[in-house]
Amino acid sequence: MYMIIDKEVDIMFKWKDNFSVNIKIIDEQHQELFRIGNALYSIISIKDGVDRYDEIMKILYEMRDYAIYHFDYEEKLMKENGYLDFENHKRQHNGFINKVKSIDELDIDEKQKKIGIELVIFIADWIENHILKSDMEYKDFLNSKGVM
Ligand SMILES: [Fe+2]
Ligand SMILES: [Fe+2]
């Protein structure tokens with residue numbers, strides 16, 4: 001008799017080839033946010049009632065680090081190449097940074113699941129409206145400048 005063990009874990013954010021901006025390092029950085037989002041999703045999906053404060057804080061620090069190195073990288077490329085929508089794009093990046101900063105550590109302590117879900121939704125919205133829209137808008141421009 002066989003025992004069927006379902007080891008498949010729900011993956012919230014799945015990378016697809018058409019999400020690529022055809023710039024290798026940026027694609028890798030964007031994939032890192034997918035990884036962070038999936039890690040957070042799996043943490044908040046566990047229903048064992050165990051305290052996840054440290055794990056959620058770790059994710060929050062990863063989001064902060066991501067924002068610093070990824071946005072710096074993108075903004076530098078846009079600026080160097082004279083991308084016209086630079087200011088508007090940077091404003092969106094600052095919105096992400098402010099969101100991450102606005103999360104109160106004490107709040108996480110008390111309302112882990114609520115904040116975890118809120119952050120997953122925030123990442124989903126960011127992927128849909130920033131990575132797949134605003135970032136996609138610089139793709140052809142930067143590619144045409146030889147950035148790949
Ligand atoms: Fe980006
Ligand atoms: Fe961006």
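**Note on the predicted model: helix packing and the iron site**

1. Apart from its neighbours within four places in sequence, Phe 141 is in contact (heavy atoms within 4.5 Å) with Asn 81, Gly 82 and Tyr 83. Phe 141 belongs to helix α5; helices are DSSP runs of H or I with at least four residues, numbered from the N terminus. With a relative accessible area of 25%, Phe 141 is partly exposed (buried is under 20%, exposed over 50%, partly exposed in between; 1.4 Å probe, protein chains only).

2. This is a predicted model, in which local features need pLDDT of at least 70 and side-chain atom pairs count only at pLDDT 80 or more, while totals for chains, interfaces and linings use all residues. Residues are numbered from 1 along each chain, chains are lettered from A and ligands numbered from 1 in the order written, and side-chain values use heavy atoms, without hydrogens and water.

3. Donors are N, O and S atoms within 2.8 Å of the metal (3.2 Å for Na, K and Ca); water is not among the atoms, so sites may look incomplete. Distant parts of the chain are linked here: His 93 lies in helix α3 (residues 86-102) and His 130 in helix α5, 37 residues apart. His 93 is buried at 0% relative accessibility, and His 130 is buried at 2%.

4. Glu 74 also bridges the iron ion (ligand 2) and the iron ion (ligand 1), which are 3.4 Å apart.

5. Helix α2 (residues 53-80) packs on α3 at about 170°, with the axes 10 Å apart. Axes are lines fitted to C-alpha atoms over the stretch in contact, and angles run from 0 to 180 degrees between N-to-C directions. The pair is therefore roughly antiparallel (over 145 degrees; under 35 is roughly parallel, 65 to 115 roughly perpendicular, the rest oblique). The residues that meet include Glu 74 of α2 and His 89 and His 93 of α3.

6. Helix α1 (residues 24-45) and helix α5 (residues 112-144) pack at about 160°, their axes 9 Å apart, so α1 is roughly antiparallel to α5. Among the contact residues are Phe 34 and Tyr 41 of α1, and Trp 126 and Asp 135 of α5.

Notes. Helix = DSSP H or I, 4+ residues; strand = E, 2+ residues; numbered from the N terminus.
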